[in-house]
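Here is a friendly walk through one protein model, from its cores to its aromatic rings and a few individual residues. Keep the sequence and the 3D view open as you read.

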Amino acid sequence: KGGTTNVAYKIPESEYGKNIRESFVGVVCENSDISQIKFEYLSKVFISDGDLVKVTLKNKENQDVDVIYQVVQAITNVEYYDDKNEVGIITAIAVQLGVWQENHRNFENYGWVPNINTPVLLAKNIIGPKLKNGELEIGTIPNTNFKVLVNSEQVITHHLAVLGTTGSGKSIFARKLIKDLAVNGNKIFCFTNI
């Protein structure tokens, strides 16, 4: 399609191969760029908005690295193979988060675009940051074990806004955050406008 040659991947009959088969969601397709990939959804593995996917690429040292992307959109389309045959396809868009760098505790941008037909896998077992002293776990990225952490000192000394739609859990989140800060020895004063 689009002037590209078809690619076939042989997946080994091993535990590694089994993991790939269970997390395979599609292949990178045309019109991807450095900041986001488009991939053709070719799987029975359920994915949804906000899920993390990964593409394994080479770094400057020619080592495999997992570049993490977050799904933000999906589009249905019809592709015509000749005048009579058509097939429905789903193309998803995922924005690049980057390569997780535990020593810097952030994502490092991967500065190039994956090749067309590169496998895209669900990143459900990605290892994220480890909780350090002075940090609080405030959640996880949906459908992963990737923890979202905040520095408790910065939560106290800087402005903090909790935003979300009605019913999304802002009040529950705020109560839990206040409780976690109090458990860590912080004095909490809550003022209400009655």
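## Nonpolar cores

A nonpolar core is a set of buried Ala, Val, Leu, Ile, Met, Phe, Trp, Tyr and Cys residues joined through side-chain atoms within 4.5 Å. Buried means under 20% relative accessible area, exposed means over 50%, and partly exposed is in between, with a 1.4 Å probe and protein chains only. This is a predicted model, in which local features need pLDDT of at least 70 and side-chain atom pairs count only at pLDDT 80 or more, while totals for chains, interfaces and linings use all residues. Residues are numbered from 1 along each chain as its sequence is written, and side-chain values use heavy atoms, with hydrogens and water left out.

The largest nonpolar core has 19 residues, and Val25, Phe39, Val53 and Val120 have the most contacts inside it. Which strands each supply at least two residues of this core? They are β1 (24-28), β2, β3, β4 (64-80), β5 and β7 (119-122). Strand β4 gives the most, with 4 residues. Apart from this core lies another, of 7 residues, including Trp100, Ala123, Ile141 and Phe146. As general background, nonpolar side chains in soluble globular proteins tend to be buried together.

Contact here means heavy atoms within 4.5 Å. Leaving aside neighbours within four places in sequence, Val25 is in contact with a list of residues that includes Phe39, Tyr41, Val45, Ile47, Val53 and Val120.

## Overall layout

Now step back to the whole chain. The protein has 3 helices and 9 strands, in the order α-β-β-β-β-β-β-β-β-β-α-α along the sequence. Helices (H or I, at least four residues) and strands (E, at least two) are DSSP runs, numbered from the N terminus. The radius of gyration is 21 Å, well over the 16 Å that the globule rule gives for 194 residues, so the protein is more spread out than a compact globule. That radius is taken over C-alpha atoms, and the globule rule is 2.2 Å times the number of residues to the power 0.38. The C-alpha trace spans about 70 × 45 × 30 Å along its principal axes.

Of the 194 residues, 30% count as buried. Among contacts with a separation of 6 or more, 49% come from residues 24 or more positions apart. The accessible surface comes to about 13600 Å², and carbon and sulfur atoms account for 53% of that surface. These areas come from the Shrake-Rupley method with a 1.4 Å probe; for residues, only the protein chains shown count as cover.

## Aromatic pairs

How many aromatic pairs does a search of the whole structure find? The search finds 3. Rings of Phe, Tyr and Trp (its six-membered ring) pair if their centres lie within 6.5 Å; planes under 30 degrees apart count as stacked, over 60 as edge-to-face and the rest as tilted. The rings of Trp100 and Phe146 have centres 5.2 Å apart and planes at 90°, so this pair is edge-to-face. Trp100 lies in strand β5 (residues 86-101) and Phe146 in the loop between β8 (135-140) and β9 (147-151), so the pair ties together parts that are 46 residues apart in sequence.

Both Trp100 and Phe146 are buried. Phe146 also forms a stacked pair with Phe107, at 5.5 Å centre to centre and 20° between the planes. Phe107 is partly exposed, with a relative accessible area of 24%, whereas Phe146 has 5% and is buried. Trp100, Phe107 and Phe146 form one aromatic cluster.

Is Asp51 buried or exposed? Asp51 counts as buried, at 2% relative accessibility, and lies in the loop between β2 (36-41) and β3 (52-58). Its side chain reaches the backbone nitrogen of Ser48 at 2.9 Å. Not counting residues up to four places away in sequence, Asp51 touches several residues, among them Phe46, Tyr69, Leu122 and Pro142.

Ser23 is in helix α1 (residues 15-23) and is buried, with a relative accessible area of 7%. Ser152 is found in helix α2 (residues 152-157) and counts as buried at 11% relative accessibility.

Notes
A polar contact is a pair of N or O atoms within 3.5 Å; within protein, one must be able to donate a hydrogen and the other to accept it, and residues adjacent in sequence count only if both atoms are side-chain atoms.
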